[in-house]
Amino acid sequence: MHNSRKTISPHQSDFMGRVIPLLTSLDEGLFGTEWVVVNKLSLSDDNDAIKIVKTVASYLIYSRCFMHGHGQLVPDIFPFISYLIALEPNEVDPDLKALCTKALSCLSREILPDHSLAPAIDAVKKVVNSTNEDRTVGCSWKAKCTALVYLQVMSFCNVYKLRTHQQHVDDIKNLLLSCLESPQVEVRQIAGQTIGGLMITSLFSDVSEIIQQLKDMARTPLPPGTKKSQTDIKEIWIRHGAIKTLCSLVESFPYSIPDWMPEIIVFLAEYTRGNVMIANCMASCMSNFKRTHLDSWEEHKLKFNEDQLAILQDLLVSPTYYA
């Protein structure tokens, strides 16, 4: 705006309003079917939609990174972010992949105005929620991982703004919790790590409620005859996602013991045996806990009662740890 009048130069809202309808030819390939059926032809330079994505991604990289931005991001840009996320994992077009990666890196670090928080979260939802239970449709799991990484960085950079919008915080929490039920272990891991990281920022005010919800998920009953090595049933996915997140909460505080941590460690002790994938997750968590808390253990152990210390001692290998 100049002298309260609209300038004749291009405007982000108008520009993106014209761009997004031109990308609808990609929707079926990105959000309607599995990524494996998106062939080389659909990502070739002969595809006008792909040319548009490359052009807009280049513009965003230049304007937001090299030129350090020029004004706030308008909400109209965020539908385009869904395309960047969905296209970033492709292995067919290295140039497209690089542009998507750089653009997402720039955009995720933006300090957003309040009215752009919801569109940013919605862009992630479009990718993450695009798969049904049997995985016959939707974005690839790699795209979902990319979406969660974007959400993680965006949330960290805008944590102070998000704290004043409880609905957005609830949306982020529910989205991450739903990802803990993903069939893909990488998606569950990133979701769990994101929850653990956001706990450090105190973004979630209902810590005890989240911990209880994770405990309930970890107690999901397994079908009769489930083998220890089995990883292909939903009940195991839910259990592993919850345990991984609880472990991430423990690992998120490497040099302190929050009041809620002893109770979590005692709860996790129940899962040292059983499913191999979950037991390995527990072993790694306890190994990291021992390594990071050893130097100040005389102070840290005061947070545990005698019963909790006995259980913790059984979890760790070295009998001299508590000497």
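Predicted model: local features only at pLDDT ≥ 70, side-chain atom pairs only at ≥ 80, totals over all residues.

Me: OK, how many helices and strands does the chain have?

Reply: The chain has 16 helices and zero strands. Of its 323 residues, 50% are buried, and the chain exposes about 16000 Å², of which carbon and sulfur atoms supply 54%.

Me: And what share of the contacts join residues at least 24 apart?

Reply: If you take the contacts between residues at least 6 apart in sequence, 71% of them join residues at least 24 apart.

Me: Let's go to packing. At what angle do helix 7 and helix 10 pack?

Reply: Helix 7 and helix 10 pack at an angle of about 5 degrees, and their axes are 9 Å apart. Because angles under 35 degrees count as roughly parallel, helix 7 is roughly parallel to helix 10.

Me: Which residues meet there?

Reply: From helix 7 the residues are Trp141, Lys144, Cys145, Leu148, Val149, Gln152, Ser155 and Phe156, and they meet Glu186, Val187, Ile190, Ala191, Gln193, Thr194, Gly197 and Leu198 in helix 10. By type, the residues of this contact divide into nine nonpolar, five polar and two charged.

Me: What about helix 5 and helix 7, how far apart are their axes?

Reply: The axes of helix 5, which covers residues 94-108, and helix 7 are 8 Å apart, and the two helices pack at an angle of about 25 degrees. They are therefore roughly parallel to each other. Helix 5 contributes Leu104, Leu107 and Ser108 to the contact, while helix 7 contributes Thr146, Tyr150, Val153, Met154 and Cys157. Those residues divide into six nonpolar, two polar and no charged.

Me: And helix 7 with helix 9, parallel or antiparallel?

Reply: The axes of helix 7 (residues 141-157) and helix 9 (residues 166-179) come within 12 Å and cross at roughly 150 degrees. Since angles over 145 degrees count as roughly antiparallel, helix 7 is roughly antiparallel to helix 9. The crossing of helix 7 past helix 9 is left-handed.

Me: Who makes that contact?

Reply: On the helix 7 side the contact is made by Leu148, Leu151 and Ser155, and on the helix 9 side by Ile172, Leu175, Leu176 and Cys179. The contact of helix 7 with helix 9 divides into six nonpolar residues, one polar and no charged.

Me: Different topic. Which residues of helix 4 are buried?

Reply: Helix 4, residues 78-87, is mostly covered, with nine of its 10 residues buried. The buried residues are Phe78, Phe80, Ile81, Ser82, Tyr83, Leu84, Ile85, Ala86 and Leu87.

Me: Back to helix 10 for a moment. Is Gly197 buried or exposed?

Reply: Gly197, which lies in helix 10 (residues 185-200), counts as buried because its relative accessibility is 12%, and the cut-off for buried is under 20%. Setting aside neighbours within four places in sequence, Gly197 is in contact with Phe156 and Ser252. The C-alpha atoms of Gly197 and Phe156 are separated by 8.7 Å, although the two residues are 41 apart along the chain.

Me: Then Ser248, what does it touch?

Reply: Not counting residues up to four places away in sequence, Ser248 touches Gly192, Gln193 and Gly196. Ser248 is found in helix 12 and, at 4% relative accessibility, counts as buried.

Me: Where does Ile265 sit?

Reply: Ile265 is in helix 13, residues 261-268, and it counts as buried at 1% relative accessibility. Beyond residues up to four places away in sequence, Ile265 touches Val250, Met286, Phe289, Phe304, Leu312 and Leu315.

Me: Last one: where does Pro223 lie?

Reply: Pro223 lies in the loop between helix 11 (207-218) and helix 12 (234-251), and at 32% relative accessibility it counts as partly exposed. Apart from neighbours within four places in sequence, Pro223 is in contact with Ile233 and Glu235. The C-alpha atoms of Pro223 and Ile236, 13 residues apart along the chain, are separated by 9.7 Å.

Definitions and conventions:
Residues numbered from 1 in each chain as written. Heavy atoms only, no water. Helix = DSSP H or I, 4+ residues; strand = E, 2+ residues; numbered from the N terminus. Buried < 20%, exposed > 50% of the residue type's maximum accessible area, 1.4 Å probe, protein only. Contact = heavy atoms within 4.5 Å. Axes fitted to C-alpha atoms, helices over the stretch in contact; angles between N-to-C directions. Parallel < 35°, antiparallel > 145°, perpendicular 65-115°, else oblique. Left-handed = near helix turned anticlockwise from the far one by under 90°. Nonpolar A, V, L, I, M, F, W, Y, C, P; charged D, E, K, R; others polar. Areas by Shrake-Rupley, 256 points an atom, 1.4 Å probe, with all protein chains shown as cover.
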